[in-house]
Amino acid sequence: MPLDRDILAQVDAQLVDRYSTRLQKFGVDPKTLGWDNSANQRARFAVARRLLPENLMSLTDIGCGFADFYSELQPHYPNLRYTGVDINSDLLVEAQRRHPEVRFVRHNIVDSIDPALRAQWVCAFGVMNFRFREFNNYEFAETLIRSAFDLAEEGLVVDMLSERLTPEYPREDFVFYYSPTRMLEFAFELTPHVQLVHDYAAIPQREFILVLRRRAWSAT
């Protein structure tokens with residue numbers, strides 16, 4: 001069932017206000033995007049980068065923020081055609097200032113799919129972690145993943161917080177912890193070529209990554 005568009009618009013407005021306020025408080029800093037420090041942010045990106053193909057030519061980054069993932073990718077993919085997508089214009093202004101050579105688009109793929117955002121690979125990091133009161137988190141995540149996979153010519157990489165919590169990190173009530181097995185089952189509804197990565201170190205909460213491919217990859 002599609003999400004109610006009026007409710008989605010209200011949630012969008014709340015999230016835009018949340019991160020614009022954090023931008024005023026912290027500036028262009030990982031804390032604005034919910035990270036405690038840049039080291040943990042880079043740790044997530046390092047794991048994600050290793051899951052992308054060596055011949056990566058184009059990528060659409062959903063919820064790109066300041067395009068920090070693009071900064072991580074640049075040394076490894078100097079010819080990458082990157083498109084950053086976010087619902088927050090204030091974040092996109094800063095991202096464009098840092099990367100004038102890159103295309104940025106204000107859009108919410110949960111609301112509608114823009115074919116112009118198609119790319120070889122699509123990624124979405126941190127965009128499903130917020131606990132929604134207005135609608136079910138699993139419905140939101142499944143809608144976002146379906147839309148993002150529709151934009152992916154070859155594959156999609158997404159991450160979520162895991163319900164398999166580490167004992168060192170207390171549960172927080174403003175974020176949502178997903179069942180890896182439930183999300184894996186959902187991914188199989190879209191493609192048989194699915195990878196679940198749950199064995200990397202917590203940063204600082206335990207996360208997992210789903211990789212959905214259009215085609216099987218070969219080890220040879």
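Student: What volume does the largest pocket have?

Tutor: This is a predicted model, in which local features need pLDDT of at least 70 and side-chain atom pairs count only at pLDDT 80 or more, whereas totals for chains, interfaces and linings use all residues. Residues are numbered from 1 along each chain as its sequence is written, and side-chain values use heavy atoms, with hydrogens and water left out. On a 1 Å grid over the protein atoms alone, a pocket is an open set of points with protein on both sides within 12 Å along at least five of seven lines, and a cavity is a set where a 1.4 Å probe fits but cannot get out. With volume taken as the space filled by probe spheres set on points joined across faces, edges and corners, the largest pocket comes to about 1,000 Å³.

Student: Which element gives the most to the lining of the largest pocket?

Tutor: Of the 47 lining residues (those with an atom within 4 Å of a point), the closest to the centre of the largest pocket are Tyr19, Leu33, Phe125, Gly126 and Val127. Among the elements (DSSP runs numbered from the N terminus, helices being H or I of at least four residues and strands E of at least two), α1 (5–26), α2 (38–49), β1 (58–62), α3 (68–73), β2 (81–86) and α5 (137–151) each supply at least two residues. The element that gives the most, with seven residues, is α1.

Student: How many nonpolar residues does the lining of the largest pocket have?

Tutor: Here Ala, Val, Leu, Ile, Met, Phe, Trp, Tyr, Cys and Pro count as nonpolar, Asp, Glu, Lys and Arg as charged, and the others, Gly among them, as polar. Beside 10 polar and 10 charged residues, the nonpolar class of this lining numbers 27.

Student: What is the volume of the second largest pocket?

Tutor: The lining of the second largest pocket divides into six nonpolar, two polar and five charged residues. Its volume is about 310 Å³.

Student: Which residues of its lining are the closest to the centre of the second largest pocket?

Tutor: The lining of the second largest pocket holds 13 residues. Those closest to its centre are Pro53, Trp121, Glu154, Arg213 and Trp217.

Student: Which strands stand at the edges of the sheet?

Tutor: Seven strands form an open sheet of mixed pairing in the order β3-β2-β1-β4-β5-β7-β6, where two strands pair if DSSP finds at least two bridges between them. An edge strand has a single partner, so one side of it is left without a neighbour in the sheet, and this holds for β3 (103–106) and β6 (193–197).

Student: Which residue in β7 is the bridge partner of Val158?

Tutor: Strands β5 (152–161) and β7 (207–213) run antiparallel and are joined by seven bridges. Within β7, the partner of Val158 is Leu210.

Student: What angle does α5 make with β5?

Tutor: Angles run from 0 to 180 degrees between N-to-C directions of axes fitted to C-alpha atoms, for helices over the stretch in contact, and contact means heavy atoms within 4.5 Å. Helix α4 (89–98) packs on the sheet, where it touches β2 and β3, with its direction at about 175° to that of β3. Helix α5 lies across β4 (119–124), β5 and β7, and its angle to β5 is about 150°.

Student: Which residues line the largest cavity?

Tutor: The structure holds one cavity of 30 Å³ or more, and the largest cavity has a volume of about 40 Å³. Its lining divides into four nonpolar, two polar and one charged residue, namely Leu165, Thr166, Tyr169, Pro170, Tyr177, Gln205 and Arg206.

Student: In which loop is the place of Pro204?

Tutor: The peptide bond from Ile203 to Pro204 is cis, with omega near -15°. The place of Pro204 is the loop between β6 and β7.
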